[in-house]
Amino acid sequence: MEGVDYLADERKKAQFDVDAMKIVWAGSRHAFEVSDRISKLVAGDPAFRKDDRTMLPRKELFKNTLRKAAYAWKRIIELRLSEEEASKLRFYVDEPAFTDLHWGMFVPAIKGQGTDEQQQKWLPLAYKMQIIGCYAQTELGHGSNVQGLETTATFDPKTDEFIIHSPTLTSSKWWPGGLGKVSTHAVVYARLITDGKDQGVHGFIVQLRNLEDHTPLPGITLGDIGTKFGNGAYNTMDNGVLRFDHVRIPRDHMLMRVSQVTREGKYMQSDVPRQLVYGTMVYVRQTIVADASCALSRAVCIATRYSAVRRQFGSQNGGPETQVIDYKTQQSRLFPLLASAYAFRFVGEWLNWLYTDVTQRLQASDFSTLPEVHACTAGLKSLTTSVTADGIEECRKLCGGHGYLCSSGLPELFAVYVPACTYEGDNIVLLLQVARFLMKTVSQLGNGKKPVGTIAYMGRVEHLMQCRSDAQNAVDWLKPSVVLEAFEARAARMSVACARNLSKFTNPEEGFAELSADLVEAAVAHCQLIVVSKFIEKLQQDIPGKGVKKQLEVLCGIYYLFLLHKYQGDFIATSCISPKQASLANDQLRALYSQVRPNAIALVDAFNYTDHYLGSILGRHDGNVYPKLYDAAWKDPLNESDIPDGYHEYIRPLLKQQLRAARL
């Protein structure tokens with residue numbers, strides 16, 4: 001029935017102020033109000049409908065995305081939306097498009113690496129979308145290893161130009177979003193060659209297409225790389241291939257904020273420190289962590305609501321069957337993901353603060369925190385995206401068979417999200433970077449240099465190497481000091497054990513390669529500690545709203561106790577805790593699941609997602625799942641007729657035993 005809230009009884013069980021939690025989730029009242037207003041604006045506009053996306057052929061799907069992107073820009077101008085509001089509008093349209101790369105990579109690259117003059121020339125054009133840009137770094141042969149890129153930019157002093165060239169097949173740019181069919185310009189990363197000397201990889205602004213008729217410029221070959229994983233999903237994006245055949249660009253098209261080539265062809269560093277580029281990287285990784293919390297919370301919202309609607313087994317005397325959400329096996333898989341969504345939200349907030357802090361330090365030429373910031377952002381990008389990708393798939397399984405339907409929203413959400421494990425740094429490669437930083441930190445512990453920031457706990461390594469947890473009862477695992485000491489001791493001991501094993505190798509690089517699996521585990525332990533400590537720090541703040549802080553404390557407990565249970569091998573093998581203490585932690589975890597259960601629907605309502613944004617029949621706000629699933633089935637193109645195309649050619653001859661005469 002329309003207008004009936006099938007989840008009303010669940011919502012009445014809430015023991016906290018949901019509206020107050022919405023503000024906590026959004027980050028501030030202002031952020032909530034902007035999100036709420038813009039999400040409703042998008043949801044109420046039929047031009048942004050997306051329920052047919054998985055059924056459209058690729059060309060139609062792509063054209064539909066172009067229409068939406070153009071319409072979104074028109075609405076942004078008509079409504080005079082601020083930069084913040086425009087960004088939210090693109091977010092709630094919820095369709096990967098060329099605009100993501102234009103605003104998310106092309107513009108920040110020019111801001112971060114362009115001189116003041118270059119910014120004055122290019123940014124006004126980009127802000128008005130008179131040019132559309134992409135970020136052409138990854139090649140067919142190299143992704144994570146940026147130093148291995150093969151595209152060349154050779155300076156010609158006779159003409160004061162760079163010659164951009166693709167010398168091999170593997171030097172073809174491959175994957176940049178927006179490149180295939182839309183972008184007019186790209187920031188192209190190429191090996192700078194001056195006077196026969198390779199100066200390493202630098203960025204160049206290159207025009208790709210004619211601004212009048214959109215045809216590729218001479219010497220440029222480009223197109224789309226083909227259909228990707230999933231229905232709809234990331235196939236709305238024109239990920240492209242690009243080759244250069246001795247394409248000439250003016251010298252001032254090299255992004256020269258950090259290093260320059262003079263008219264005479266001399267390569268020199270500018271006064272601006274190289275480290276400034278780290279600012280952009282921290283910003284991009286911070287947005288990826290924030291996106292992880294959004295994607296995971298969407299999947300959790302769908303799975304939680306459907307788990308409350310779905311009933312299976314357990315009927316007593318002909319009464320209703322048991323809600324799936326009441327089974328402990330469902331709770332032990334679902335509630336840690338709910339807790340993780342909140343944990344990632346808060347660590348994302350903290351990364352936002354870190355970005356501001358790093359930017360201010362860089363401007364004051366203070367580079368002291370950079371190695372730690374680099375390791376921390378790399379690790380958190382890796383950890384949150386891996387957990388989120390796996391978590392979305394787990395949510396699909398938690399929805400049983402119906403989760404496999406495109407109308408559940410989960411297959412498309414998964415297909416759109418999984419590339420995050422690879423782009424902006426492969427997740428294992430990033431963890432190895434974190435491990436290098438950890439090994440360097442351990443090696444420097446004796447020299448009086450105090451570790452800072454997220455690695456500060458290493459300064460207490462002597463204590464952490466010998467301390468034993470004093471948890472004696474299950475409730476002791478609710479004490480932040482007990483939890484933090486266990487996570488710090490585990491991380492420190494795993495790092496120190498790796499460092500000791502490394503020291504046995506005469507060749508450190510050989511040792512690093514041999515021990516890389518152990519090093520990745522040590523890096524994960526360090527990153528999990530960061531997320532746990534930032535969640536605990538969040539709870540030390542003043543959080544208004546009836547019962548809000550209590551619910552967050554329960555979620556925080558579930559987050560760290562689930563990790564402690566899942567990785568108890570680490571904790572016990574490093575002697576941080578005893579098997580008995582691990583068992584007590586698990587008892588406490590079960591108790592916390594029971595505390596979350598009555599609040600589960602309210603906790604996902606706090607994400608404040610519209611049905612349009614969720615894009616899921618299973619996750620509908622009103623819980624009216626079955627009639628809507630039934631109606632949706634009839635909208636599939638296959639159901640436009642009772643007799644399928646191909647019946648007369650293939651099915652009838654089969655049934656009538658006339659296959660020999662059929663024209664197959």
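This is a predicted model: local features need pLDDT of at least 70, side-chain atom pairs count only at pLDDT 80 or more; totals for chains, interfaces and linings use all residues.
Let's begin with what the UniProt record says. An unreviewed entry there places the feature "domain: Acyl-coenzyme A oxidase N-terminal" at residues 17–132.

Helix 2 covers residues 18–26, and at its start a side-chain oxygen of D17 reaches to within 3.0 Å of the backbone nitrogen of D19. Along helix 2 itself, A20, M21, K22, I23, V24 and W25 are buried. What covers these buried residues? The cover includes helix 3 (29–43), helix 8 (277–309) and helix 9 (328–363), and it also includes helix 16, helix 17 (548–566) and helix 20 (600–605).

The unreviewed UniProt entry lists T138 and G177 under "binding site". These two residues span 40 residues in sequence, yet no two of their C-alpha atoms are more than 10.6 Å apart, so they gather at one spot.

Take T138 to begin with. T138 sits in the loop between strand 1 (133–136) and strand 2 (152–156). With a relative accessibility of 27%, T138 counts as partly exposed, because buried means under 20% and exposed means over 50%. Leaving aside residues up to four places away in sequence, T138 touches G143, S172, K173, W174, W175 and P176.

G177 is also a loop residue, placed between strand 4 (173–174) and strand 5 (185–194). Is G177 buried or exposed? At 7% relative accessibility, G177 counts as buried. Setting aside residues up to four places away in sequence, G177 touches L101, C134, M237, D238 and N239.

Next, the empty space inside the model. Rolling a probe the size of a water molecule over the atoms shows where empty space is left. Here the count comes to two cavities of 30 Å³ or more. The largest cavity holds about 130 Å³ of space. Its lining has 14 residues, and K68, A69, A72, R90 and T99 lie nearest its centre. The elements that give two or more residues to this lining are helix 4 (58–78), helix 5 (83–93) and helix 6 (98–113). Which of the elements gives the most to the lining of the largest cavity? Helix 4 does, with six residues. By residue type, the lining of the largest cavity divides into eight nonpolar, two polar and four charged.

The second largest cavity holds about 30 Å³ of space. Its lining is made up of C467, R468, S469, V482, E485, A486, A489 and C576. These residues divide into five nonpolar, one polar and two charged.

Some backbone angles also deserve a look. Most residues other than glycine have a negative phi. Against that background, D94 has a positive phi, near 60°. D94 lies in the loop between helix 5 and helix 6, which are two of the elements that contribute to the lining of the largest cavity. Its relative accessible area is 15%, so D94 is buried.

N608 likewise is a residue other than glycine with a positive phi, near 60°. It is found in the loop between helix 20 and helix 21 (611–614). With a relative accessible area of 16%, N608 is buried. Helix 20 has already come up here, as part of what covers the buried residues of helix 2.

The last stop is S516, which lies in helix 16 (residues 516–539). Helix 16 is another of the elements that cover the buried residues of helix 2. S516 has a relative accessible area of 23%, so this residue is partly exposed. The side chain of S516 reaches the backbone oxygen of A513 at 3.0 Å. Along the chain, S516 and L362 are 154 residues apart, and their C-alpha atoms are separated by 32 Å.

Definitions and conventions: Residues are numbered from 1 along each chain as its sequence is written. Side-chain values use heavy atoms; hydrogens and water are left out. UniProt positions are given in the numbering used here, feature names are shortened, and annotations may be inferred rather than shown by experiment. Helices (H or I, at least four residues) and strands (E, at least two) are DSSP runs, numbered from the N terminus. Buried means under 20% relative accessible area, exposed over 50%, partly exposed in between (1.4 Å probe, protein chains only). Contact means heavy atoms within 4.5 Å. A polar contact is a pair of N or O atoms within 3.5 Å; within protein, one must be able to donate a hydrogen and the other to accept it, and residues adjacent in sequence count only if both atoms are side-chain atoms. On a 1 Å grid over the protein atoms alone, a cavity is a set of points where a 1.4 Å probe fits but cannot get out, and a pocket is an open set with protein on both sides within 12 Å along at least five of seven lines; lining residues have an atom within 4 Å of a point. Grid points are joined across faces, edges and corners, and a volume is the space filled by probe spheres set on the points. Ala, Val, Leu, Ile, Met, Phe, Trp, Tyr, Cys and Pro count as nonpolar, Asp, Glu, Lys and Arg as charged, and the others, Gly among them, as polar.
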